[in-house]
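These are my notebook entries on a single structure. I set down what I looked up, entry by entry.

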Amino acid sequence: MGAKQLRIGWTKLAFQDRAGDCLPTSPEKGQSIAKNPICQGNTLFAPLATGKWNRNKFRTSIHLLLLILQGENITFMAKVNAESLLKKPSVKWFKGKWMDLASKSGKHLQLKETYDRNTKVYTFEMHIIAAKANFAGGYRCEVSSKDKFDSCNFDLTVHGLKSIFPVDAFCSSTDGKEDSGELDFSALLKKRSIKVVHGNTDSDVEVWNILSHAPPSEYEKIAFQYGITDLRGMLKRLKKMKKEEKKSEAFLKKLDPAYQVLKGQKIKLAVEVANEDVEVKWLKNGQEIQKSGRYIFESVGNMRYLTINHCSLADDAAYTCMVGEEKCTTELFVKEPPVTIVKNLEDQMVMTGERVELECEVSEEGANVKWEKDGVELTRDESLKYRFKKDGCKHVLIINEATKEDGGHYKVKTNGGESVAELLVQEKELEVYQSIADLTVKAKDQAVFKCEVSDENVRGTWYKNGVEVKPDARTNISHIGRIHKLTIDDVNPEDEGDYTFVPDGHAFNLSAKLNFLEVKIDFVPRQDPPKIHLDCMGRTTDSTIIVVAGNKLRLDVPITGDPAPTVIWTKGEKVITEGDGRVHVESSKGHCIFTLECAERQDEGVYSVVVRNPAGEDTADINVKVVDVPDPPQAPKILSVGEDSCIVQWDPPHFDGGEPIIGYVLERKKLRSYRWMRLNFDPIPKTTYEARRMIEGMAYEMRVYAVNSIGMSHHSPASQPFVPVAPTSEPMGLHVEDISDTSITLKWRAPERIGAAELEGYGVEYCKEGTDEWVPAIQGLTERTSATIKNLTTGDRLLFRVRAYNMAGPSLPALLAQPVTIREIMQRPKIWLPRNLRQTLIKKVGETVNIVIPFQGKPRPKVTWSKDGEPLDPSFASVRNSEFDSILFIRKTERKHSGQYDMKVQIENVEDTAKVMLQIVDLPGPPEALRIVDVWGFNVALEWKQPKDDGNCEISGYTVQKADKKTMEWFTVHDHYRRTHCVVSDLIMGNEYFFRVFSINLVGLSLEPYTTKDSVFIQKSGIDYKSPTYKEHDFSEAPKFTHPLVNRSVIAGYNATLSCAVRGIPKPKVTWYKNKMDISNEAKYRMMSKQGIVTLEIRKPCPFDGGVYTCKAVNDKGEDVVECKLEVRFLPQLAHN
């Protein structure tokens, strides 16, 4: 993405006094703000820096320096103009380079934000209360909104500091005390990044050099310029390094001050010692490290290595290398690798009131994650709306009883990645499992209206003829679970009417009618024929009773007759008895009741009831229809796909359940997921649907439910997996490559954007100028980026277009700018001779020659070949010509094929020619006239002539070989020798030799050599040996004491010795002196000399024997002297006595 200019708004930085009163506010809206900060009184305004934003990286050019006194308050305010923003911007406050202050609020730090609806300006404030000395440092404010970003940097200096150091971090107290929000170094001192192992340390070394030569007043400026967040730690290390500037005798190269390594990786610490034989000790936090599988000690020359494998947080420590009493120390910081998201969140669709669990899996157990909803961080609130569950690597966000407001985009973040999922919350529709039915009751009977809905928490109201029904002595209203009942005892004529149940909060109702059956008692004779009274139920013989599959079917038929008639129920020709456990038939006075439990589809049909008594019989038919949910539709088919959508089609179910299909409900899921998401809650009547809001390149499946007035069917089989993809962009660079009287060749380049689906090919079409009927130019699709369209009419003016096809269909067409006239264009003949044929083409005998020479010309030119000026015989070489090139082919070359080949292309009187030189080479013949010219000592001179046959190429050299007559094994003396004469040297005396020579050319050695006819004998000759003379070396050396005498203090009465070492050649004479007096002949002294060690023994010395003793060594080459002082003292008790 190229750089673009952006400006989000401007920032106001204002000082406050201890009371918190804000000084003058921002400029008026619309007022221009300068690039540099503006000072108005005690208020400092600064625009958020306008800069270039490239790939989410912003480089600011503004830097502010703020000064306050210790104990004062200060407020930083950032104002963002949101007129052009679609959503609230995100503002973050940082201290140093990386520490986010959003969660560090406490006694000394408060963050606030406000919004002015009139000016559409967001104000973000950071209050620092009672500033302390360690609050000094660099701060940064960042504001972002979608792809826009801006920032402003500023420094805070607190007067009264003994030394000024930028603070690296905010450390918030975790015990909830009032001192939370204090600034402290201790929590992050070990997290500063000083040296990255195997990284580039040039910049770090440069900062060290700059700090070491800079005055203390410039430290803070340098720290801000080079992005140093731990200046105090660097200054401590610098001070320590200055103390250690004295040269070490044991170490040539010490450890670096600090190292950093990622957790799980290995690191090698290296020092260079002065003595390669010395042993070193490695210590960790002062304890000696023992060799193990994780700690490896190496010694290579003067280098000593400590390798730590699989570094863990326990290895974060101070390490010391000791040589004797000298040591060097370093700090090792172990950095944990970023936590990545292994399993992403999945989109979900739920109903209101349901429980939602958004689950993800991260790469490391116990890692901290942050949850956000629509960019706002989620926390545990008092109502426990959100719960965060952590189980090993799994992290779950739980929402209890989801509401419509909970819908949105949820994001989980780690320090190494993030994952986003969409949650859709839909209102739960109330389903009716059992509706209320019409009732016909007699006086004093009980009437019960009952219905069942899907939600047991839904309440409702009963109405009679539009008037709410109130409970009384005869009327009872009950609600148990999902069942609502209205019971009326002792029914009388006033209870007849329309009864309605209205669920609360839902826009529909259930209605039924109560019919009162008035029984008239008339005087009748004792013999009354039976009669079935279907008319009093409001039905006729053509009426149909509808029952839902699974519900109870109850037929209560009023009958009369005297005596009481017998009742027989039949279905078709079969008499219904109570043999089936689902059927119950009973008769009472004035009624016959047929009950069928759990109605099924096969129970549908015409039921007949026959009543008989001695006075006669009566028959009635009742048509029963069983309705059910429909069968599931067939597997849906995907008609087409788009970038984030698809069109799906399906066939209606074979059985609609006895009720018309109201519509269909669709669901989709990702191919590797197990969670289905509903796409519509209101049934759609059509059998096609366009599904949207899918991810391009992700595989999905679809399934369909059919819905009628009874309910929803089972789901259909899943569709074939499909991938939403968008058509490619149009092909690029369409142009005419060639044209003739009846054909045209088009070329183009692949589309700039292919998309997630593979490119299937290209379709080429054309139409005549003035029409809009596009005709396919080629059958089907072509995978090539060129096409030749033939059998066109000469003189037609045609438009051409090319479209790219993938799974989503054709792309936008690439059109030629103007129509093309189908007519061949005259073109001069031209031969394009390849570069390698512009010089002689060399081939070996027997090889194949295949010369391809392209040419151009329209109409097609005539091509002719000749060799050495004569027409080329077809039996000599084969020639094949095409529209664009000519091929000269020789299957097996011979020497006679060498020569000049001429090619000529001609169109009428215009022609072009080219020539090709062909040289066929072969092995050369042997050299001629090899003879021995001279023999002397161990040498033989040979001479020969060039071969008669050079193989049709230059002789590049000769190979000369020799063979001992005894073994006749040939050895090469000279290879690729250029001259025709040579000298063979280093022959063995007394042996007899033969010689031969091969010719060499481009092809190789000649098949046969030329061998000398006679042998050569190397004569023996006399040799006088003269031994060399050598000059004798002078080993003589002047005396020199290699170990001097040492001053001594001895006890009187005990023998004492003085020793020294001397060397010299010849052996020097040693003489001892006391106070410059020769003591060689003194009996008190004993003098010894062995292997250069000279010893003077003093027997039982007394204080008189103290003094200066001298040892003198003398020989012919010189002399040397060494002396020492001897002190003789008494023991203390002896001195006292």
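**Entry 1: basis.** I worked from a predicted model, in which local features need pLDDT of at least 70 and side-chain atom pairs count only at pLDDT 80 or more, while totals for chains, interfaces and linings use all residues. Residues are numbered from 1 along each chain as its sequence is written, and side-chain values use heavy atoms, with hydrogens and water left out.

**Entry 2: strand β17.** I took strands as DSSP runs of E with at least two residues, numbered from the N terminus. For burial I used relative accessible area: buried is under 20%, exposed is over 50%, and partly exposed lies in between (1.4 Å probe, protein chains only). In β17 (residues 267-273) I found alternating side chains.

I then looked up the pairing of β17, where two strands pair if DSSP finds at least two bridges between them. Strand β15 (residues 251-253) runs antiparallel to β17 and is joined to it by two bridges; here lysine 253 stands opposite glutamate 272. Strand β21 (residues 303-308) is also antiparallel to β17, with six bridges, and leucine 306 of β21 stands opposite leucine 269.

**Entry 3: an open sheet.** I traced five strands with mixed pairing in the order β16-β23-β22-β18-β19. Its edge strands, β16 (258-262) and β19 (287-288), each pair on one side only. Within the sheet, β18 (residues 281-284) and β22 (residues 317-323) run antiparallel and share four bridges. Lysine 281 has methionine 322 of β22 as its bridge partner.

**Entry 4: salt bridges.** I counted a salt bridge where a side-chain nitrogen of Lys or Arg is within 4 Å of a carboxyl oxygen of Asp or Glu. The count comes to 41 salt bridges. I noted a network of them that links Lys284, Arg294 and Asp315.

Glutamate 359 and lysine 394 meet at 3.9 Å, N to O. Glutamate 359 lies in β26 (residues 356-362) and lysine 394 in β30 (residues 394-399), so the pair ties together parts 35 residues apart in sequence. Glutamate 359 is partly exposed at 30% relative accessibility, as is lysine 394 at 38%.

Arginine 931 and glutamate 943 form a salt bridge whose closest N and O atoms are 2.7 Å apart. This pair links β75 (residues 928-936) with β76 (residues 939-945), its two residues being 12 apart in the chain. I read 45% relative accessibility for arginine 931, which makes that residue partly exposed.

**Entry 5: a positive patch.** I found a positive surface patch formed by Arg380, Arg387, Lys389 and Lys390. Patch residues have over 30% relative accessible area and no salt bridge, and like charges are joined within 9 Å. Lysine 390 is placed in β29 (residues 386-391) and is partly exposed at 47% relative accessibility.

**Entry 6: two loop residues.** Which loop holds proline 337? I located proline 337 between β23 (326-335) and β24 (341-343). Proline 337 is partly exposed, at 27%, and is 9.7 Å from valine 261, C-alpha to C-alpha, although 76 residues separate them in sequence.

Arginine 979 sits in the loop between β78 (970-977) and β79 (981-984). I recorded arginine 979 as exposed, with a relative accessible area of 54%.

Methods. Patch = residues over 30% accessible without salt bridge, like charges linked within 9 Å, V, L, I, M, F, W, Y side chains within 5 Å. Areas by Shrake-Rupley, 256 points an atom, 1.4 Å probe, with all protein chains shown as cover. Lys, Arg positive; Asp, Glu negative; His and termini not counted. Charge placed at Lys NZ, Arg CZ, Asp CG, Glu CD.
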